[in-house]
Amino acid sequence: MDEPGQQMIHPVEFISGCHSRYVTRMQRDCLLCMALFSRHDAAWGLFRLVLLCFTLGPALSAAEAVPRLVDFSTEVRPLFAKHCTACHGGVKTAGKLSFLYREKALSKGSSGAFAVIPGEPDKSEVIRRVTSVDPDEVMPKPEHGPALSQGEVDVLRQWIRQGAPWSDHWSFLPPVEPARPLIRNKSWPKSTADAHVLAQLESLGLSPSPEATAAEWLRRVTLDLTGLPPSVDDFERFTEDCRSGFETARASRVDRLLASPAFGERWASVWLDLVRYSDTYGFEKDPFREIWPWRDWVIRAFNEGMSFDDFTIRQLAGDLLPNPSAEDLLATAFHRNTQNNTEGGTDDEEFRMAAVLDRVNTTWTTWNATTFGCVQCHAHPYDPFEKADYYRFAAFFNNTEDCDQNDDFPRKPFPNEASSREESLRLQRQAGRLREELNATGVVKLKDLKQWQPILPLSANATGGVIKHEPDGLIRTSGTLPIDVVYTLEIPRIPGATAFRIEILPDSDEAGRPPERGQAISKFALCIKPKGASNQVVKLQDVVVDFLAGPRDPRNVIQAGGGLGSYPVMTGRRWGVMILEKPLEIPEGAGLEIRLEHGIASNGGVQGCALRQFRLSYVKDPGVSEFARSQQRMEAWAEHARLKNRIKELGGPEVPVLVERSQSARRETRVFVRGNRLTLAESVTAGVPKSALVGSRSNPGDRLEMARWLVSDQNPFAARVLANRLWAEMFGRGIVETLEDFGTSGARPTRPELLDHLALRLKGELGWSVKAFLREIALSASYAQSARASAGLLERDPGNSLLARGPRSRLTAEMIRDQGLALSGLLSRKSFGPPVFPPQPEGIWNTVYSGEKWNTSTNEDRFRRAVYTYARRTAGYPLFITFDAPMRDVCSARRMASNTPLQALNTLNDPAFLEMAAALARRMEKAGTLPHDQIRFGLRLVVLDPPKIEDVQSLEALYRDCLKNYRANADLARQLGESPEHAALTLVANAILNLDLSLIR
Amino acid sequence: MELLRNLFHDALLLETRRHFLRDSAAGLGALWLAATTGRTWGGESSTKRDMAQAMAPAPSGFAAKAKRVIYLHMAGSPSQLDLFDYKPELARIDGRDCPESFLKGKQFAFIQGVPKMLGPQYGFTQHGQSGAWISDRLPLFASVADEVCFIKSMYTDQFNHGPAQLLMHTGTQSPGWASAGAWATYGLGSDNQNLPGFIVLTSGGKNPDAGKSVWGSGFLPSVFQGVQCRSQGDPVLFLSNPPGVSRDLRRRTLDAIAQINQRTAEETGDPETLTRIARYELAFRMQADASDAFDIRQEPPVVHSLYGTEPGKESFANNCLLARRLAERGVRFIQLFDWGWDSHGASESEALNHGFKGKCENIDRAMMALILDLKMRGMLDETLIVWSGEFGRTPMRENRNGVEMKFVGRDHNPGAFTLWMAGGGVKAGFSHGETDELGYQAALGKVSVHDFHATLLHLLGFDHMRFSYPVAGVNMRLTNVTKPGSRVVREVLV
């Protein structure tokens, strides 16, 4: 340290020098409070000033005495990120230099100089360049940004002098249980988390706010945990309970809320944003997707208290669990919430890949709050991810059967009743296994056959395009091939033939080319053409193919509507064998013909998949027909058909789920050059980035192992991310404010120790139990504070990141609707089932090329909780969009609560809200004969405590004015209510639902 | 002690902000949100925008030529070859097989195998001093050709409607990014606080293929998303008071709400409550102002005959007139969507030789009227009109499923399309760029969608490279950060 005066500055500038052993206690306190604020915070500047004034003197003298260790993570890396990594990072490595990895920073640049030489700041090129006055030499280049400040240079210099130690960004390091904080007011905390909150307040000379009133606490906790307001009865029971003990009354109230079926409905909404849940496919026509049984699965999982590790593994890889239950399979619909483009002419492979990459990004944002998506095109600009890391991770998802088909293939039926559901799934699994077995035994049988003879067609015809056959038997087609083109091949007489093989060849066998357009037939027919008589169709007994994959069963090519080949895309050769019932007998003089029919269209139903290059061969082994006709095999086929029938009988909504392709049908995953799927680089195997893999455990190899890794101690992120998300839902703001980004570019935790403590507690003692975790927060002293903010506190901490007061947040979009229904007494408590259609203005659903209509529900479905409202991606429910719910196009980790006039218009004038107001007015009418009592009753529904007399008076005055008006104008009154009195009271109820008191929890 | 200076400076800034907020109508609203939502185009030192004042007018980066934008999007993508891009050579080879070189390595939505070439379906003549080639489908628009600046060498890389529309409006083909209108209002706020700053009007209420994401705010705060207004019923959702609630009674209701909210604010000290009071007031003003703005019956008959408008009907013409009224009132970005331009020839209504004619009639007069009207009012100089589809159409005739269809149509063509602009800072009576002799690919002076966005932002006073918003460590731009090399098309600037 060259100038003692700088000593204080660095820790202040870069927050957390408190890790350093050399820092005095005085400094430590000061630094700790610095850590409360991210550098983006508005109060930051003021705070720095205030604290500097507090501590400058003693800190300076302490600093003079003891050299301080620079903390790389909090002081040096941010400096690199600010000034250097744009050019010397992951995307660009100008001069072959990168400041993302130590070995790269310490290696020789293309200029021949070493940027960083540990221990030798004066020989390190980086110091020379950042201090240079030569405009051609100085870094950053003047056009790229301002020069480093003297303070920043000194940090860098000292860091190099201290040996240039490196450490990972905080979120890449596993959480460590911090020491129990020292606090003075030992009676306040109710948990370790409280102690952390208090320690910080005390260090700043602040104290917690007084406890909230019973009404304030009850409204807050009830809405936070269940999304519904407490009733006056609830409140009275609670205050009654409180008389025999405040703590136990609260605890038993929280337990009841957590046990309420409303709990799952509230917390599912949080999850559905991350999952981009929608009842439609997305894109142009945006058709209906029957995926609500999965939404119900989520609600049940929350209600049943499923631990988050289970919840994770089932959703990401329930299908790969040993003996998965129906519920495990249903859970995998999680990643089938990706969009599906059915627009005519859209490339199925493009949108299949888009869905795969969306799964990667969604997984990383949801569990790890890491902006992994950047790596699709290039190495991560700030965080230690190489480009191949992204595609290695994508390989986990690249082998599922779904491929952007218009019918959302693959879907599985999930009968509504639990017992049929399990039976159906058991039968589906049985049928699937049997089908694989039937093909596998066929493949084994055919493997021994050596005498395949090529078929050299005598002539070839096609109903469209051009067909040519070559002397070696290769058949090629070109030109305009209609979707349903039929190829007719006249072939030599082959008496005694027992099987025909078709080999479908790609345009190119070259490795690493992007997939080609598919080739598949839908029917294979063999005809004998006797002279002067009509054709006879030869009976085909069985079909065996190289491997089973894709939407259609190849066996059906012997009737029609099958699919033999590959579509929508083709990545390599395919073959299939059609087995005759018995050795072929051909009458004297008769000809022989093969008909290949097509009919499969991909790319939104407009792109045909006719064969372009193929060859045929035959075999005369009678054993093949005998094999196909064997009793055992015939019975197996019959059993397969019986199973399929039974599954059909059991019925149930068909939900898109993840289905892994078989070993032999696996897709290769390659790195995309610049994120473009049409230019491919090296092939990769599935794996997790090393930088995110704690410890020496072997890298996960499949989706199931990946899911287990996410919730294991080997993943540094997930517990912190979930703890932070739950904390943010309860306190209105996360410990890391950027719920979506824990990387270098995200906000830093305002209390790293508290976050680590919460993360470890969540996954440790609490066993990943969301309910237990929320219970602790709900019963904490921090949460129980009054939200009242004094002017001084507001100025000091506008965002309430210190928690020196209780949280006060706007209701979420869902809560706004649900509360209105609850207060008015209209709310239906019916749970689960297909999405519903509450009142919505005309014209919201004018979607092109789609005749789907919003038919407003007339029964109790009209008044169901918001989570059950039909969610259409291209045209969301207006109330939700206006109140900041995301469109659910992609994973969304944080809602920003805005405050706009359009929201006011919505809750004031939406007919749905008027319907609620009218119903609320009827409830109020029953509360007494005097308007005063009626209004007092209505207001009390929101505030629980006896309402303030002034507030009642304001509404009474409104009532009187309205009543006068409506009495004078009966026509006007009739439009709003049953009588002038009801109309006036309806308007009062409308006002109540629009109070700040109502919109806030 | 540079640092100390900075600290004082920061503190001063904060102090100023606080006073500003305290004295402003909205009070101390949304302070923390404001603090975390900076607008970053001005470099590091730029002041951060307060979300409670999100729509307050703001200065741009440098002198803007256009104060506002009226964007006419013809969803489905009209055929440039039958409107603006005259290709005599294409007429000459009409009906011949498409050359192999056109098909190799190309992907089409519907064309299969080898289609036939299709010449221009309508006659072309030159118009005005500038000699612009315009087909006889747009005779009235042709009369204002000297006000228009054509870009005939537009190209895109998307050939399906949804993704191409997203690219055209948000700079990327996937949903979730911010639209141009959201960027404009984010950057400039709006000159009228009683109307939304970014208004979307759709002919007949039909949404574009890509849904509402094309006017979404994406990663920008949601207040900047486009507000879809309707030409029938309430122009803004829930604008009218419900039946039985007069404006006076609504005023009374709001007074009662405000009284109680005021007490709540005093008791809790929550600045959001004060903001809410202001928002409810704004809603009340918006009820009057928006109803007034959307009431085209107020226009004199001469204006109606100029535009061909019929009040009460849902039409593109009505929306053009509305666009002018909104522009007059200071709305920053007015986005119109017309639909039915997907001229495949698969049905009569969208065939080039049938429905297309009617579509042209629907827009011809209204486009002329909008340009003339703005000019007469002296607003054209500061209002940028943009007209485009999301891609172009092929010089080949569509042969769906490989067969010639009953009606005449063209398939999607990302390789070339025409976009025109008028007013706010672009050359009048000018044409930029050329396609190849068959109008298949942009050839000279090619302009990508991102180049167009760079130009649009430039006209609004922003450097597209610096006008950004930080998302997950990347400074996001309308000119997609993953697609470097976009340029301002200076050739078209005045």
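Visitor: At what angle do the axes of α29(A) and α9(B) cross?

Guide: Axes are lines fitted to C-alpha atoms, for helices over the stretch in contact, and angles run from 0 to 180 degrees between N-to-C directions. Here the axes of α29 (residues 901-909) of chain A and α9(B) cross at roughly 75° and come within 8 Å. Angles of 65 to 115 degrees count as roughly perpendicular, so α29(A) and α9(B) are roughly perpendicular to each other. This is a predicted model: local features need pLDDT of at least 70, side-chain atom pairs count only at pLDDT 80 or more, and totals for chains, interfaces and linings use all residues. Residues are numbered from 1 along each chain as its sequence is written, with chains lettered from A and ligands numbered from 1 in the order in which they are written.

Visitor: Which residues of α29(A) meet α9(B)?

Guide: Two residues are in contact if their C-beta atoms, placed from the backbone, lie within 7 Å. On α29(A), they are A:Pro901, A:Ala904 and A:Leu905. Facing them in α9(B) are B:Arg279, B:Tyr280, B:Leu282, B:Ala283 and B:Met286. By class, this contact has seven nonpolar, no polar and one charged residues. Ala, Val, Leu, Ile, Met, Phe, Trp, Tyr, Cys and Pro count as nonpolar, Asp, Glu, Lys and Arg as charged, and the others, Gly among them, as polar.

Visitor: How many residues of chain B are in contact with chain A?

Guide: 90 residues of chain B are in contact with 102 residues of chain A. The largest share of the chain B side, 12 residues, comes from α8(B). By class, that side has 43 nonpolar, 34 polar and 13 charged residues.

Visitor: Why is helix α25 of chain A largely enclosed?

Guide: Helices are DSSP runs (H or I, at least four residues), numbered from the N terminus. A residue is buried if 20 or more other C-beta atoms, placed from the backbone, lie within 10 Å of its own. Seven of the nine residues of α25(A) (residues 770-778) are buried, so the rest of the structure largely encloses this helix. Among them are A:Phe773, A:Leu774 and A:Ile777. The buried residues pack against helices including α10 (214-226) and α24 (752-763) of chain A.

Visitor: Which residues touch the most other members of the largest nonpolar core?

Guide: In soluble globular proteins, nonpolar side chains tend to be buried together. A nonpolar core is a set of buried Ala, Val, Leu, Ile, Met, Phe, Trp, Tyr and Cys residues joined through C-beta atoms within 7 Å. The largest has 330 residues, and A:Leu330, A:Val988, B:Ala323, B:Ile334 and B:Ile385 touch the most other members. A second, separate core of 50 residues includes A:Leu489 and A:Val538.

Terms used:
Helix = DSSP H or I, 4+ residues; strand = E, 2+ residues; numbered from the N terminus. Buried ≥ 20, exposed ≤ 12 C-beta atoms within 10 Å, placed from the backbone. Parallel < 35°, antiparallel > 145°, perpendicular 65-115°, else oblique.
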